[in-house]
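Let's take a walk through this model together, going from charged pairs to a pair of packed helices. Have the structure open as you read.

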Amino acid sequence: MTASSSRTRRSRTAATPTPAPEDVVLTGKATINDIARLTGVSKKTVSRVINHSPLVHPETREKVLALMKQLGYTPDPQARGLAFRRSFLIGLVYDNPTAQFIVNMQYGALDALRDSGYELVVHPCDSSKEDYIESVRRFAQQQKLHGVILIPRVSEDEQLASALREIGVRYVRIASIPLDQAASMVVTHDRLAGTEAANYLESLGHRTIGLITGPRRYRSTIERGGGFLGGLDERGISLSPDYIYEGGYTFDSGVAGAEYLLAKSPRPTAIFACNDEMAAGVYKAAMRRGLSIPGDLSVVGYDDSPLASQLWPALTTIHSPIRDLGRMAAQMLLTDEPSPDAGAQPRTVTPQLVVRDSSQRPKP
């Protein structure tokens, strides 16, 4: 081959234009191969742009990103997982009847995952079924999850945590007490919050008080209810079992619990419901009986969900930073897996009482 012919060949190659983005038309969904071909770069370069690698020239990055935006191309996390031999999926596993709790937890996790290249996949389950642990194990393996966020009540199940360890899947457990090594825990201190609710109602002068708990198999029920009863006991009030109703963390169970308690004699002047959904049910039962809140009945909830400020009167409640919990758990999974440290302390949040309009001193 002569130098002249070599120059001619190189000239022909250089003369082949890269299609301008505005001229691109595809008959199907764009792939990473399309992006590479149409921008005139390698597939590896496109992958580097997707994963925010600094090893890409700014002009090339801008060109690739512009075409991706025009074609509506979004990376497939599972495909990326195959290419990089690791997953870009974070799982959120839950068995919780409160929809707003789940939504807020997802928002928090998504806050942490934004621009990280990771995606969130959710897996509702029924922890009362015998095969639920196997279903979660199967979900984690099929999705090749990078990690899993476990929220109450599944976070309280040591058998589930053990099953995930056996298959090498990282997890973070959100629970009311420490249940695992610090690197795998976010602790919510529900017992302290229950005590604070008790101290508040007693300080207003309430002596005949009702309690609506969650299901007894939930650790949060033990901690919130136990903290509340302990707080009353420290202030010289012993709550009779007749004034305790086991609810289900649902609106309907709050209605049923309030109907049961408000039929007692003497009637409670205050009710602590262990979540806001049940507290809303108390409002309905009180209205049916012609009782005013807070004139005839003070009500305190737990969670400080959006519902708390939407009720009328606005609900006094325990603020639990649910969105922050989801964000913290996801951030922990994005970091390199730490070595176990016997002296380390788990991440914690501290619930706080938010006083609004549903509570006051009882009538003389």
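Start at Glu259, which is partly exposed with a relative accessible area of 23%. (Buried means under 20% relative accessible area, exposed over 50%, and partly exposed in between, using a 1.4 Å probe and protein chains only.) Before going on, a word on the ground rules: this is a predicted model, where local features need pLDDT of at least 70 and side-chain atom pairs count only at pLDDT 80 or more, while totals for chains, interfaces and linings use all residues. Residues are numbered from 1 along each chain as its sequence is written, and side-chain values use heavy atoms, with hydrogens and water left out.

So which residues does Glu259 pair with? One is Arg289: their side chains meet in a salt bridge at 3.3 Å, N to O. (A salt bridge is a side-chain nitrogen of Lys or Arg within 4 Å of a carboxyl oxygen of Asp or Glu.) This pair links distant parts of the chain, with Arg289 in the loop between H12 and strand S9 (298–303) and Glu259 in helix H11, 30 residues apart. (Helices, H or I of at least four residues, and strands, E of at least two, are DSSP runs numbered from the N terminus.) Arg289 is partly exposed, at 40% relative accessibility.

Glu259 also forms a salt bridge with Arg288, at 3.2 Å, N to O. Here Glu259 lies in helix H11 (residues 251–262) and Arg288 in helix H12 (residues 276–288), so the pair ties together parts that are 29 residues apart in sequence. Arg288 itself is exposed, with a relative accessible area of 53%.

Now look at a pair within one helix. Glu223 and Arg219 join their side chains in a salt bridge of 2.8 Å, N to O. They sit four residues apart in helix H10 (residues 219–234), which means about one helical turn separates them. Glu223 is buried at 4% relative accessible area, whereas Arg219 is partly exposed at 29%. Altogether, the structure holds 23 salt bridges.

Some of these charged residues form a network: Glu134, Arg137, Arg138 and Glu166 are linked by salt bridges. Arg137 and Glu166 also belong to the contact between H7 and H8, where residues including Ile133 and Val136 in H7 meet others such as Leu160 and Ala163 in H8. (Contact means heavy atoms within 4.5 Å.)
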